Amino acid sequence: MVVYTQEHVYRHPWDRVTAAAWRKFTDPASRTALSHVADVHTLHRRLDSDTGRLQAARSITVRSPPLPFILRRLLPAAAASPNGAALCHCVETSLVDAPRRAMDVVVRNVSLRGLIEVEERASYRPHPDRPDDWTQFRQETTIRCRPLAALAAVAEKVENRCAERFLQNSAKGRDVVERICRYLEAEAAGAAPSAI
């Protein structure tokens, strides 16, 4: 099993960063950077007007990097592609507590769980040193290769390869959120360019 944690400080206020995070997958300019994301659908969302809390769930389909031969042999034919990649379906659940300025996101794969389990937990909070100006982002990811657990060396290689790809994609996602934050900042100032 591989577990890693990343932290990032957005030099933008919490409301702007969380608005950008919601737009990350739907922003047309993000499609190149997030090319591993094949599809996103909102499954449900519910706003509790008494507490100001939003609960939402989205379905996210992602393309994996080319998988090692041994893993491709374990995939159902429908999940594999000729280049060795696979489509993986995930569910993202989010809880936004606007009065407390807290957003928590959990993403888990729902397909390929017999092969690999991935859970990503992220939180967005006002930065303790500059709560009105900056946002602290924290992400913890756990990756576990199920069928190869008995073959520890092989499982470790697969988990590490997956972790490398997740780290790369996380960096791309943060870059997209940063770009959207700059756009929202310019928009609020009345000078939003057509593309940033």
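These legends describe close-up views of a predicted model.

**View 1. The cavity in the predicted model.** One cavity of 30 Å³ or more is counted. The largest cavity holds about 840 Å³ of space. Its lining is made up of 42 residues. His36, Val62, Val107, Glu120 and Phe166 are the lining residues nearest the centre of the largest cavity.

**View 2. Elements around the largest cavity.** Helix 1 (14-23) and helix 3 (152-188) each give two or more residues to the lining. So do strand 3 (53-63), strand 4 (87-97), strand 5 (102-109), strand 6 (116-126) and strand 7 (135-145). Helix 3 gives the most, with eight residues.

View 3. Of the residues that line the largest cavity, 26 are nonpolar. Eight are polar, and eight are charged.

**View 4. Gln139 and its polar contacts.** Gln139 is part of strand 7. Its side chain makes a polar contact of 2.8 Å with the side chain of Gln6. A polar contact of 3.1 Å links the side chains of Gln139 and Glu120. Glu120 is also among the residues nearest the centre of the largest cavity.

View 5. Gln139 counts as buried because its relative accessibility is 5%, and buried means under 20%.

How values were computed. Residues numbered from 1 in each chain as written. Predicted model: local features only at pLDDT ≥ 70, side-chain atom pairs only at ≥ 80, totals over all residues. Heavy atoms only, no water. 1 Å grid on protein atoms, 1.4 Å probe; cavity = no way out; pocket = protein on both sides within 12 Å on 5 of 7 lines; lining within 4 Å. Points joined across faces, edges and corners; volume = space filled by probe spheres on them. Helix = DSSP H or I, 4+ residues; strand = E, 2+ residues; numbered from the N terminus. Nonpolar A, V, L, I, M, F, W, Y, C, P; charged D, E, K, R; others polar. Buried < 20%, exposed > 50% of the residue type's maximum accessible area, 1.4 Å probe, protein only. Polar contact = N/O pair within 3.5 Å; in protein donor to acceptor, adjacent residues only side chain to side chain.
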